[in-house]
Amino acid sequence: MLTAFATLLSHYKRHPGQLAMLLLGLWVASALWSGVQAINASARDSYARAEALFTTGLDRLERRDGEPLTREDYLRLRRAGLPVSPLLEGTIEAPDGTRLTVIGIEPFTLPGDNAFASAGSTSELTAFLTPPWQTRLAPDTLSALGVSHREAPGAEPRLAGLVEARLPPLTLDPALPPDTLVMDIAAAAALLDSGERIARLVTSPNALAQAPEGMVLTRAATLVSPGQLTESFHLNLSAMALLALVVGLFIVQAALGLALEQRLGLLRTLRALGVSGRGLVGLLALELVLLGVVGALAGIVSGVWLARMLQPDVAATLGSLYGADVAVTLNLPWHYWLGGLAVTLGGLLLAGSGVLWRAAHLSVLGLGQAQAWRAGFHRQLKLMGVAGGAVALGGLALWLWLSYQPPGEGLLAGFGLIGALLLASALLLPPLIALLLAGLGRLVAHRPLAQWALADLQLQLPRLALAMMALLIALSANLGVSSMVGGFRLTFLDWLDQRLVADFYLRPPAEQHDDIHAWLAESTEVDELLPTRRSEATLVAIQYYAEERDEQTRELALPVGVYGITPGATLMPSWPLLATQAGRDDAWQAFAAGEAAFVNEQLALAEGLAPGDRLTLTAPGGEETLTVAAVYPDYGNTQGEVLLATPQLASRFAAPPGSIGIVLAPNGDGTALREGLRQRFAIGGDELVDQREVKRIATGIFERTFTITRALSALTLAVAALALLASLLAQARERRRQLAPLWALGVPRARLMTIQLAQLGGSAFVVGALALPLGTLLALGLVAVINVAAFGWRLPLFIFPAEMALTLATAVGVALAAAALPAAKLWRTPPRALLAEEAT
Amino acid sequence: MKRVAALLSLLVVFWLSGCTEESPPTETAGFAGLGEEAGDFAQAHEEITLRFPEDHAAHPDYRIEWWYLTANLEDERGEPLGLQWTLFRQALSVPEEPPPGERPKPAPWAADQLWMAHMAVSQGDSHRVAERFARSHSQDESGQAGAVAEPFRAWIDHWQLASRVEEPDADTFAELNLSAHQSDDQGGFGYDLALTAEGPLVLHGAAGFSQKSADGQGSMYYSQPFWRVEGEVTLDGITRKVSGRGWLDREWSSQLLGPEQRGWDWFSLHLESGHKLMAFQLRGGGEGGGDYRSGTWITPEGEPTALAPDEIDMAPLATQEAAGREVPTRWRLTIPRAGLDLIVEAPHAERWMDTSVPYWEGEVIASDAETGERLGEGYLEMTGY
């Protein structure tokens with residue numbers, strides 16, 4: 001048996017290219033998959049740690065007027081018997097530039113057992129509470145501080161900046177979230193130089209029936225956890241990785257099929273020598289597993305490396321998009337490694353099952369005919385056509401089902417739809433090409449060489465089919481993703497321009513707000529002021545407006561943001577609206593009069609709102625009912641939002657004053673204004689932001705958001721190109737053999753080479769051309785289904801001719817590059833050698 | 001007196017359990033660390049003369065201190081009811097001596113004192129307990145917890161024991177209000193009480209220095225055992241008018257116990273004759289390793305007589321289970337010098353204080369050992385069981 005196995009494997013000694021191709025397929029498939037899984041696992045670990053932190057899961061209190069709470073507020077509430085605990089939060093800069101979150105806690109009043117848990121054993125409390133205090137942090141935060149794990153306990157690392165600041169001695173606590181330092185509130189106050197101020201008061205969930213006078217109470221239940229928020233993001237990543245895995249497995253199956261076909265003679269000999277059919281299948285399976293383990297291990301190692309490369313971008317994206325802190329270093333649980341191995345092996349067995357099945361069912365005599373299984377290719381084409389049609393029908397059914405779902409639902413179904421679209425197209429590709437070749441063959445009936453070329457291509461099709469399918473999938477995915485990203489980019493930049501109409505945005509200190517507003521209003525540099533306000537409310541009822549049926553009311557308890565803008569000459573013409581009840585002008589008129597509100601697209605999609613519906617919101621003075629006059633796009637927001645005119649928000653929702661947009665007069669001088677504010681009110685710097693700066697930051701966030709998507713889609717394309725190259729290389733030798741007779745018949749070598757390049761370039765062109773509509777459909781699915789479910793907003797579909805041309809060029813380029821190597825070999829091989837090969 | 005018990009809790013929480021990997025010390029000294037050496041803290045000793053009202057306030061230069069009130073009350077239906085309110089102070093570090101004439105404001109949130117408070121309301125089988133913690137700085141008298149002398153006020157959050165005397169130059173300690181409330185899932189419990197002193201302060205031991213072990217450790221210790229108590233008590237959401245007698249202990253020290261002492265049994269009794277009796281035994285640390293006993297016999301006029309260790313005899317007669325532990329709830333207490341031979345018994349065993357450091361504290365009834373005649377009532381505190 002051992003000998004039989006060695007004999008089977010000896011095939012790869014003679015064909016190292018096939019072995020390389022097999023391993024390459026396994027490697028890339030498993031690398032991309034494990035890379036993405038590593039990122040997801042690491043992020044989930046971060047979320048779990050963030051959710052375990054005592055700052056989550058607690059109700060929080062802030063002052064209604066937006067001023068910071070102080071120690072005096074805390075003591076006053078404690079003396080009134082309220083179980084509140086002060087929390088100080090701020091950021092400091094580590095020596096390497098990382099922003100670290102400092103959380104100062106008061107362990108005696110912090111609700112729950114976690115007060116003591118967070119400080120470790122009770123005996124450590126004294127050290128925690130008294131100078132020099134303690135800094136508690138997770139081990140993966142150490143690198144930012146430039147401290148090694150070994151020297152960490154007790155170390156007092158220096159901080160960035162001019163001030164000679166040091167952290168209290170370090171104590172490791174792996175349960176803390178990354179980049180978070182927890183210390184006693186006295187130590188944090190000294191470090192952050194926050195004096196008597198605190199960030200907020202916290203209390204155990206529902207300990208307070210209502211907010212104390214002048215305060216806003218935010219229930220823990222209304223704070224969405226980062227894990228929930230980012231779920232769709234990770235699903236997106238997983239889908240991309242799955243795509244890469246599938247493409248990789250296409251390569252594997254192609255290589256396996258080839259390796260089996262070339263070994264049919266060998267298999268027959270082995271059977272003839274007494275190896276049982278079952279034993280032979282067992283040996284082949286063993287070979288698969290062996291290859292699988294090697295490929296998967298290599299893949300997992302590279303996957304982790306890939307994840308390390310991508311992780312900082314992922315962390316940045318999650319941080320800016322959802323405010324979720326994710327470690328920039330990987331943190332992998334043991335089951336991650338097993339999972340990666342299992343998925344790759346499972347995929348491999350799936351890809352190899354067809355081969356095993358065929359090997360088990362071919363008769364001993366049948367084995368004698370080389371190319372035996374290719375004989376069934378026509379049957380196979382038919383099967384592919386039927387299967388492709390079935391998958392397409394399934395996709396259609398899914399699409400129909402989705403169209404009856406409320407918008408924003410069905411993220412998984414959306415991915416299913418896109419998967420079905422890709423799979424159906426891939427399955428239908430070989431029958432389509434076969435049909436095309438047959439048709440073309442009739443057209444060129446009088447040109448023997450062209451006819452031969454088409455017939456020859458038909459002969460090659462079984463081997464090329466899988467690589468072509470992989471290429472089709474990768475090209476369409478790439479085109480779809482880049483169309484979506486590109487379209488989003490255009491929409492987003494446009495939207496930024498429409499929303500950011502003021503030249504400066506000023507966030508005045510609350511106590512100076514009125515003075516500054518008055519001063520600005522007088523300033524000759526200023527054309528218009530756009531004050532904003534922001535608050536929270538609960539949406540308790542929706543009264544749907546429907547002309548054709550009775551009005552119906554739905555009760556709910558949804559926390560929403562309420563945001564106030566100033567409808568004036570500057571803002572009204574530019575603020576984007578997606579839908580209105582009776583035109584823009586009417587909508588703005590009702591809005592300015594305080595009769596109506598606008599809602600953002602997220603809220604409209606999630607609750608099925610349309611202009612004309614009426615919302616009932618909780619407000620400090622009771623409930624407020626507003627009519628929805630319009631829906632506006634709100635990219636990048638994760639929460640539902642209701643928009644009101646600022647004065648309305650102030651009077652009806654008691655919202656504290658927020659930032660002020662400053663529109664400069666036609667020849668107003670921004671520098672003079674900045675200087676005036678600095679001299680008169682001693683503000684500037686952080687409080688006053690240039691509009692261009694806001695746009696720069698927003699664009700930066702956007703770019704990061706899609707860095708990973710782009711990187712993964714480019715990698716998938718590279719894998720597909722490799723698949724095609726590998727398939728061509730694997731059969732290059734045999735191809736030469738088939739070309740020899742043509743040469744002998746007098747066809748010049750240059751001509752032969754051109755034919756070859758035309759064959760491949762032509763088929764790649766067909767694949768590329770098919771990828772164009774498919775990619776566009778894919779982009780449509782992404783913007784109209786996936787994005788709505790994942791982010792809450794819909795995008796218009798944009799077509800990018802340049803991207804399409806690039807897709808086509810990539811397809812042909814990849815094919816030509818893949819064909820060039822065998823062609824060059826052909827050029828160098830003396831014709832006699834070709835004939836000799838043919839003879840063997 | 002008894003106060004120690006709770007005290008320990010404080011200690012236990014913060015010092016005691018002190019065995020971390022880095023400092024594998026030293027087995028814990030005494031119960032709940034109350035036997036730790038005084039170090040740089042001031043030390044209680046016989047030559048100290050107590051001064052009032054100053055000594056009603058906190059003594060941050062001593063490590064530990066408490067204000068400890070118990071009361072035996074009756075509600076409007078005539079049902080007996082007991083309550084406890086205790087404020088413990090624990091110094092985190094020896095306060096720095098401010099330069100003369102200067103009192104620098106401490107940094108925000110900086111703390112050199114930790115505070116712990118317990119309250120309990122007990123009636124029949126009901127026994128409700130609450131606990132609070134706070135930090136403060138000895139230079140800052142407006143913190144979350146503290147104790148000041150003039151006018152007297154001891155507080156943590158909204159729990160407070162404060163003077164209601166308004167006349168200038170009067171003794172602000174003579175009339176106090178006690179208020180503490182806690183919400184729970186049974187409707188909440190708490191009290192608002194008016195305390196009126198009907199007798200003088202009583203200094204224990206040698207003019208206020210109370211020795212706690214044979215080798216001389218001790219504390220400064222005085223009591224106000226003559227409170228008349230009127231007010232309202234809420235239990236399980238029901239508020240009732242109550243009246244009765246209260247006993248307030250004040251004690252501070254830097255090393256209360258000898259290192260071998262592991263727990264104590266502490267009695268404070270109001271006798272029908274108008275006499276009061278305080279008696280305790282510290283288990284371990286007496287002559288030759290026996291128990292160390294001490295006490296004070298107080299006349300109705302408030303004249304104290306210190307009782308020497310050999311003038312007190314106390315022995316458990318029966319135990320009962322409380323919160324899963326065997327606790328002696330029936331005692332024989334004999335003070336020949338006062339002509340007392342008492343059976344002291346807790347009518348309800350379930351008075352376990354399930355606080356961060358647990359102990360037993362509950363009402364007791366004293367009766368004559370021979371005739372069985374009821375002679376008085378009071379409180380018993382037992383630790384280390």
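Residue numbers start from 1 along each chain as its sequence is written, and chains are lettered from A, with ligands numbered from 1, in the order in which they are written. As the model is predicted, local features need pLDDT of at least 70 and side-chain atom pairs count only at pLDDT 80 or more, while totals for chains, interfaces and linings use all residues.

Chain A comes out with 26 helices and 20 strands (DSSP runs numbered from the N terminus: H or I of at least four residues for helices, E of at least two for strands). Of its 840 residues, 43% are buried, with 20 or more other C-beta atoms within 10 Å of their own, placed from the backbone. Taking contacts (C-beta atoms within 7 Å) with a separation of 6 or more, 82% join residues 24 or more positions apart.

Helices α13 (residues 377-404) and α14 (residues 411-443) of chain A pack with axes 8 Å apart, at about 155°; axes are lines fitted to C-alpha atoms over the stretch in contact, and angles run from 0 to 180 degrees between N-to-C directions. That makes α13(A) roughly antiparallel to α14(A), the term for angles over 145 degrees.

As for nonpolar cores (buried Ala, Val, Leu, Ile, Met, Phe, Trp, Tyr and Cys joined through C-beta atoms within 7 Å), the largest has 166 residues, and A597(A) is among those touching the most other members. Helix α15 (residues 448-499) of chain A gives this core its largest share, 21 residues. Another core, of 143 residues, lies apart from it and includes L77(A) and I156(B).

Conventions
Buried ≥ 20, exposed ≤ 12 C-beta atoms within 10 Å, placed from the backbone. Contact = placed C-beta atoms within 7 Å. Parallel < 35°, antiparallel > 145°, perpendicular 65-115°, else oblique.
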